[in-house]
Number of protein chains: 2
Amino acid sequence: MSFSPLIRQLIEALRVLPGVGQKTAQRMALQLLERDRSGGLRLAQALTQAMEGIGYCSRCRTLSEDELCGFCADPRRDDSLLCVVEGPMDVFAVEQTGYRGRYFVLKGHLSPLDGRGPDAIGVPELVQRVEEGGFAEVILATNPTVEGEATAHYIAQLLASKPLVTSRIAHGVPLGGELELVDGGTLAHALAGRRPIGL
Amino acid sequence: MSFSPLIRQLIEALRVLPGVGQKTAQRMALQLLERDRSGGLRLAQALTQAMEGIGYCSRCRTLSEDELCGFCADPRRDDSLLCVVEGPMDVFAVEQTGYRGRYFVLKGHLSPLDGRGPDAIGVPELVQRVEEGGFAEVILATNPTVEGEATAHYIAQLLASKPLVTSRIAHGVPLGGELELVDGGTLAHALAGRRPIGL
C-alpha cells in the first residue's frame with residue numbers, strides 16, 4: 001500500500017526540481033496538501049506562465065518575456081562595454097558588482113566532447129552583436145574553469161581583428177580566507193598578474 | 001536591475017515549498033527555464049490536479065482523491081485493529097513496519113495554546129469511528145512529544161469506558177547507536193518498560 005495515484009504523480013513531478021529527491025518530494029507534496037493548497041495552486045500558475053511565457057531577449061539572449069530584456073532596453077547603460085557570460089544566472093552575479101554596461105549570454109561553454117561547438121552556444125550571434133554594437137571593449141566573463149577558459153580564448157581569437165579591446169576577468173586570490181589554502185594554479189595566476197601599489 | 005516579472009513571480013511562488021529559500025528558488029526557477037520546461041509544465045499540471053482533486057478519506061481522514069482511501073477500501077486488512085496517528089505521513093511510516101490493520105488520521109495534536117482543541121484535530125470523528133468499527137484494540141501512535149503524549153492520554157481517557165484495549169506504542173532505546181548517547185527520559189522509559197527475555 002502506498003500513496004494514492006495523484007499524490008504519487010505530484011511526488012514524481014516535484015523531483016524535476018534540482019536537489020529534490022524522493023524523501024524531500026514526499027515532504028513537499030504532503031506539506032502543500034495539508035498546509036497550503038492556495039500556495040500550491042499559485043505555484044502551478046506561476047510555473048505555467050513562466051514555462052510558456054518566458055523566451056530569450058533577442059539582443060543579449062538572456063531569459064526574458066519581452067522582445068528586449070530590461071538590461072538591453074535600458075537607455076542609461078554604457079553602450080561601449082559588452083560583458084559575455086555563460087548563463088542568465090551570471091548576469092545577476094556581474095550586476096551585483098556595479099557593472100552597468102551591456103551583456104551577451106552564451107548557452108553555456110564550448111564542450112566538444114558533448115558535441116557543443118560554437119554554433120550550439122551562440123557564438124555566431126555574439127560576433128554579429130559585436131559587429132553591430134560599436135563597443136569599445138568586450139569583457140569575457142565565462143567561468144574560471146577549463147571549459148570557460150577555452151571558450152574565452154576561442155572568442156578572443158575570433159574578435160582579434162575587430163577594432164576593440166577584448167579582455168578577460170582577472171584570476172587571483174579571492175578576498176577573505178588564507179593564502180595557504182589557495183590552490184597553486186590560482187596563486188601562480190595571482191603572482192603573474194601582480195600590479196604595482198599606487199600610493 | 002533584477003529578474004523579469006514572470007521570473008520573479010516564479011521564484012516567489014517556489015518559496016512556498018518547505019526548505020526552499022531565495023537562493024534555492026532562484027536556482028530552481030532558472031534551471032527549469034533553461035533545462036526542463038516540459039518538466040516544469042508537468043509539475044504545474046500535477047500541482048493543480050493534486051491541490052484541487054485530493055480531499056480526505058471519509059473514514060480514516062487521510063489524504064485521498066477517492067471517497068475511501070486504499071487502506072480503508074482494502075477488504076484484506078485486519079478489522080480488529082485501529083492505529084491512530086497525527087498525520088498522513090505517519091500512516092506510511094507505520095505501514096513500513098508491516099502493520100496491516102486500519103488507520104485513523106488526526107489533524108495534528110492537541111495544542112491548547114494555539115487554540116487547537118479536540119474538535120480541531122478530529123477527536124469526535126475518531127470516537128464515532130471507534131464506536132462504529134467494532135475494534136478489539138486501538139493503538140495510539142501519536143508522536144513521542146509532550147503534545148503527542150498529551151493527545152494520546154486524552155484519547156485513552158475518552159475510550160476508557162469502551163469494551164476494547166487502548167494501547168500506546170512503546171518508548172525505549174532506538175535500535176543502533178550507543179546507550180550513553182540516549183537521553184535520560186528515554187532511558188528511564190526503557191528501564192521501566194523492561195521485559196523478561198524469553199529463551
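This is a predicted model: local features need pLDDT of at least 70, side-chain atom pairs count only at pLDDT 80 or more; totals for chains, interfaces and linings use all residues.
Residues are numbered from 1 along each chain as its sequence is written, chains are lettered from A and ligands numbered from 1 in the order in which they are written, and side-chain values use heavy atoms, without hydrogens and water.

**Two copies**

- Two copies of a chain are related by a rotation about an axis and a shift along it.

**Cysteines**

- Over all chains, the count of disulfides (pairs of cysteine sulfur atoms within 2.5 Å) is zero.
- Cys57(A) is in no disulfide; its nearest cysteine sulfur belongs to Cys72(A), 3.7 Å away. Cys57(A) is buried, with a relative accessible area of 0%.
- Cys60(A) is in no disulfide either; its nearest cysteine sulfur is that of Cys69(A), at 3.6 Å. Cys60(A) also counts as buried, at 1% relative accessibility.
- Buried means under 20% relative accessible area, exposed over 50%, and partly exposed in between (1.4 Å probe, protein chains only).

**A sheet in chain B**

- Helices (H or I, at least four residues) and strands (E, at least two) are DSSP runs, numbered from the N terminus. Two strands pair if DSSP finds at least two bridges between them.
- Four strands of chain B form an open sheet in the order 4-3-5-6, with parallel pairing.
- Strand 4 (102-105) and strand 6 (165-168) of chain B are the edge strands, each pairing on one side only.
- Strand 3 (residues 81-85) and strand 4 of chain B run parallel and are joined by four bridges. In strand 4 of chain B, Arg102(B) is the bridge partner of Leu82(B).

**Helices across the sheet**

- Helix 7 (residues 123-133) of chain B lies across strand 3, strand 4 and strand 5 (137-140) of chain B. Helix 7 of chain B runs at about 160° to strand 4 of chain B.
- Helix 8 (residues 146-159) of chain B lies across strand 3, strand 5 and strand 6 of chain B, at about 170° to strand 6 of chain B.
- Contact means heavy atoms within 4.5 Å. Axes are lines fitted to C-alpha atoms, for helices over the stretch in contact, and angles run from 0 to 180 degrees between N-to-C directions.
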